[in-house]
Amino acid sequence: MEPVNVVVGIIVQGKKFLVERRRMDKKIDPGIICLPAGHVDSGEELEDALKREMLEELGIQVKQMTFVCKNYYVASNGEKQHAYCYKITEYDGALQCIEAAEIFWEEDLNNMTLDIDKETIRKMQRLKESH
């Protein structure tokens, strides 16, 4: 099966970044602590998908974003994913937990479930340092 496209949103507050604990009733990766993400619809542009997903999951309107990296990931159900990761640099609205069991600010990469998310945060931090 061909990989599907997903978008990942990285929101930073000081040294902390926003993560979610996925609900246990999710088919893909239940209960993990990860960066907010979602599937790209057929024919949808990546940036439009990120805006839609962050509105659906967090209740925010993304105004500005910066591309960080593209990852390849195989989810717990075997789904192959191309994950396009963006740092969200400006948004309107208050963060809400709509889709996940909970959302919270995290500073310690070791508390995240997925190694790929940890590496994404490291890449984002290196990009910041190089500018």
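Is phenylalanine 67 buried, partly exposed or exposed in this predicted model? Phenylalanine 67 comes out as partly exposed, with a relative accessible area of 42%. The close-ups below start with that residue.

**View 1. An aromatic pair made by phenylalanine 67 and tyrosine 86.** Search the whole structure and you get one aromatic pair. The ring centres of phenylalanine 67 and tyrosine 86 sit 5.5 Å apart with their planes at 75°, so this one is edge-to-face. Phenylalanine 67 belongs to strand β6 (residues 61–74) and tyrosine 86 to strand β7 (residues 80–92), so the pair ties together parts that are 19 residues apart in sequence. Tyrosine 86 is buried, because its relative accessible area is 6% and the cut-off for buried is under 20%.

**View 2. Aspartate 29, a loop residue with a positive phi.** Look for aspartate 29 in the loop that runs between β3 (16–21) and β4 (33–34). Its phi is near 50°, which is positive even though the residue isn't a glycine. For background, most residues other than glycine have a negative phi. Aspartate 29 is also buried, at a relative accessible area of 7%.

**View 3. Arginine 52 and its neighbours.** This arginine is part of helix α1 (residues 46–58). Its side chain makes a polar contact with the side chain of glutamate 53, at 3.0 Å. Leaving aside residues up to four places away in sequence, arginine 52 touches His39, Val40, Asp41 and Glu44.

**View 4. The largest pocket, about 490 Å³ in volume.** Of the 29 residues lining this pocket, Arg22, Ala37, Gly38, His39 and Gln81 are the closest to its centre. Two or more lining residues come from each of β1 (4–10), β5 (37–39), α1, β6, β7 and α2 (115–130). Sorted by class, the lining of the largest pocket has 15 nonpolar, five polar and nine charged residues.

**View 5. The second largest pocket, with about 190 Å³ of space.** Here 11 residues form the lining, and the closest to the centre are Gly14, Lys15, Met124, Gln125 and Lys128. Which element gives the most to the lining of this second largest pocket? That's α2, with four residues.

Notes. Residues numbered from 1 in each chain as written. Predicted model: local features only at pLDDT ≥ 70, side-chain atom pairs only at ≥ 80, totals over all residues. Heavy atoms only, no water. Buried < 20%, exposed > 50% of the residue type's maximum accessible area, 1.4 Å probe, protein only. Polar contact = N/O pair within 3.5 Å; in protein donor to acceptor, adjacent residues only side chain to side chain. Contact = heavy atoms within 4.5 Å. Phe/Tyr/Trp six-rings, centres within 6.5 Å; stacked < 30°, edge-to-face > 60°. 1 Å grid on protein atoms, 1.4 Å probe; cavity = no way out; pocket = protein on both sides within 12 Å on 5 of 7 lines; lining within 4 Å. Points joined across faces, edges and corners; volume = space filled by probe spheres on them. Nonpolar A, V, L, I, M, F, W, Y, C, P; charged D, E, K, R; others polar.
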